[in-house]
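Please keep the model open while reading.

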Amino acid sequence: MSTTRDEQESPEPAAGPVPGGDPEFHPYHHPAAGWGAAGSVSRFLMREGTLVDGPRAIMRMNHENGGFDCPGCAWPDDTKGLHLDICENGIKHVTWEMTRKRVGREFFAAHSVTELAGWNDHDLENQGRLTEPMVYDPATDHYVPIGWKDAFEMVGRALRELDHPDRAAFYTSGRLGNEATFLYQLMARELGTNNLPDCSNMCHEASGRGLQASLGTGKGTVDLKDWERADALFVLGVNAASNAPRMLTALSEAYRRGARIVHVNPLVEAAATRTIVPHDFTDMALFKATRTSTLNLQPRIGGDMALLRGMSKAILEQSESDPRALDREFIERHTTGFEEYRALCRATSWQEIEDQSGLSRVDVLDAARVYGEADRSVISWCLGITQHEHGVDTVREIVNLLLLRGNLGREGAGPSPVRGHSNVQGNRTCGIDHRPTDAFLDRLAEVCGIEPPRRHGLDTVGTIKAMHSGDVKVFVGMGGNFALAAPDTPYTCAALRSCDLTVQVSTKLNRSHVVHGRRALILPCLGRTEKDHQRRGVQSTSVEDSMSMVHLSVGMKRPASPHLLSEPAVVAGMARAALPDSATPWEWYIEDYDRIRDTMSRALDGFEDFNRRVRMPLGFRIRQPARELVFLTPSGRAEFSTAALPDVVPAPGTLALGTMRSHDQWNTTVYSDNDRYRGIKNLRTLVLMNRADMRERGIADLGPVDITSTAKDGSRRSLEGYLAVPYDIPRGCAAGYMPEMNVLCALCDYSTQSDQPIMKHVRVTISPAAAGAGSTGRETA
């Protein structure tokens, strides 16, 4: 593959801070959360200087009356009115936002962009909160202050001067609230484009497409009460202790009431062992841990679909002698394609299931036994399922298994995808979709009086390609850190630099501000914890969690700077400048967000009577037709799928590598270079390997290695001088941290089913490092 100079050079510096000592690895054997989490939080509050504001925030986070929603994960709020519905990572996330450190004009005057580009990502974010709009000055290579009016006019002029609306792309991270989300997509569509890439394109796109095809809905059907009533919980491809720590409460309570809990993951993570829930003061005082699993299975990377097929095969074989193994009435009344699926399971041999899953037949039968003996089962999953070529097929296989026993449309049963960021599901619900349906566009046109474009827009991968080729000239990012979150870091950075204008709406400095277009703006916004004062008083925003609950969030703190605007106000300012003749009442909306919600209640299915219902205790749940056994599929029924099992066995000499987060990390924000739950300290440039794979390659414990990936197009990308850590992971598999390892994920390696980058199944070779090699990343022909 031919490459430009920018692509061939090393990517931006590693995401983590400079190590504070020698790398250490000691296997972790303690309970998840508990005193380890309490100690970590205390040290973090001290380090950030928030010993007063931090505890105040803890008492207001995730509360139903006047509190603010945690800007971290999308796990739903406790249904029992818990006063401390919090977790270690949520507190860190909030405290990181509430820091007293500030990044103003003096900072930018002292540091050129070239200098900042040499800083590591931890140090960039650790400078503190952005305080005023800044514009890049190419003559001095510095960001300089710009007024809001001039900043909006700069964006508006760039958009107005495009020869086609599709020359712009509008990216969204999962932190954006529902009201700003609705205005953002309205602006893009009034401009004339559906180029609305979002973080779902990189995480749960496969979940939405798989569930839509099988059930006619792109979301899970369960709520937290279903988790509380399930006889069996299956948790696939989820590192809950770090990614959704409040799930630990649900898991420990499930174990205590006698539910069976099966964790499926190539790595046995801390959440799959035992926990001490910090708000359970008795257990904390007595150091009393509760188990969080009854069975742990470690399939090879990508082998989950074969495990699920094997469980279905076992249930179907059992039904030949025990008709109660299937819910035949449910299958006959509510599904289609059952006979074809049964034939497929019969034709799939146990040998193929064992080879592709990496598990023994006994392991598969153990999981099937748990499922078959449970009256009500919930199957939950995260990115370990979706970031594969066959992610959609695997999600549909989950549904197949649920349908066999009628685990749908009743309490304690159903599919439950675990979303990562706090409002990523709400973003999609409220219109961030590059492939909108005609029904949605018809409703938007009727309610908002615009003519939205009908052609599909660009997703994340398509946007990066289009920026790189010059087809997209303006990139607007609402939150997030696109330069680091996206795959193929050198290519993505070159794509951003090819733009005429990049606009980043952010709270803190990050890599996407120093990897910018020929012109660039930094527009600082309020954080979730801060009061949003508008003309008609303090405003609230809403978010939607993983289980379709919508609730209000109200900030508690004075803004970090008087020059910050809310996200809805930033969107409205850009929209008015770009669409000076628009009949949309942008300024009127910003005076009172209830007005936005009134419009949303008429434009969005499920948001009827929005303003009243969102103020109810815990908000309201968006109706899921499939939960009521109403299937909006072509057949009007739940549809079994019959995909062949993919071949996920690595070729000789290669390994399947999955990227992941460390525990002391949230998405691309890295708090430290430690990973407590995996026993790693002072190290991020690492790869976890099976010890037998290390011996076979002559690699010593913590020995330096070179990692090379090979893409579909034959191009190669390398990381050099990483340290190999022996770990309990199946042979043929390896794992390491994102965003550092995103350099290995070629942009051309995306799923043909979901268009998601394949970040959990990268084909690599690993060998002892060449003498003197440092930790770098590069692309080679």
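The model is predicted.

**Salt bridges.** The whole structure holds 51 salt bridges.

| Pair | N to O distance |
|---|---|
| Arginine 129 and glutamate 530 | 2.9 Å |
| Arginine 209 and aspartate 755 | 3.4 Å |
| Aspartate 375 and arginine 410 | 3.7 Å |

Arginine 129 sits in strand S4, and glutamate 530 in the loop between strands S18 and S19, 401 residues apart. Both residues of this pair, arginine 129 and glutamate 530, are buried.

Arginine 209 lies in helix H10 and aspartate 755 in the loop between strands S32 and S33, so the pair ties together parts 546 residues apart in sequence. Arginine 209 is buried, at 15% relative accessible area. Aspartate 755 is partly exposed, at 23%.

Aspartate 375 and arginine 410 lie in two loops, 35 residues apart in sequence. Aspartate 375 is partly exposed, at 48%. Arginine 410 is also partly exposed, at 26%.

**Cysteines.** The search finds 0 disulfides.

Three strands form an open, mixed sheet in the order S2-S10-S11. S2 and S11 are the edges, each with a single partner strand, so one side of each lacks a neighbour in the sheet. S10 and S11 run antiparallel, joined by 2 bridges. Arginine 274 has arginine 291 in S11 as its bridge partner.

Terms used
Residues numbered from 1 in each chain as written. Predicted model: local features only at pLDDT ≥ 70, side-chain atom pairs only at ≥ 80, totals over all residues. Heavy atoms only, no water. Disulfide = S-S within 2.5 Å. Pairing = 2+ DSSP bridges. Helix = DSSP H or I, 4+ residues; strand = E, 2+ residues; numbered from the N terminus. Salt bridge = Lys/Arg side-chain N within 4 Å of Asp/Glu carboxyl O. Buried < 20%, exposed > 50% of the residue type's maximum accessible area, 1.4 Å probe, protein only.
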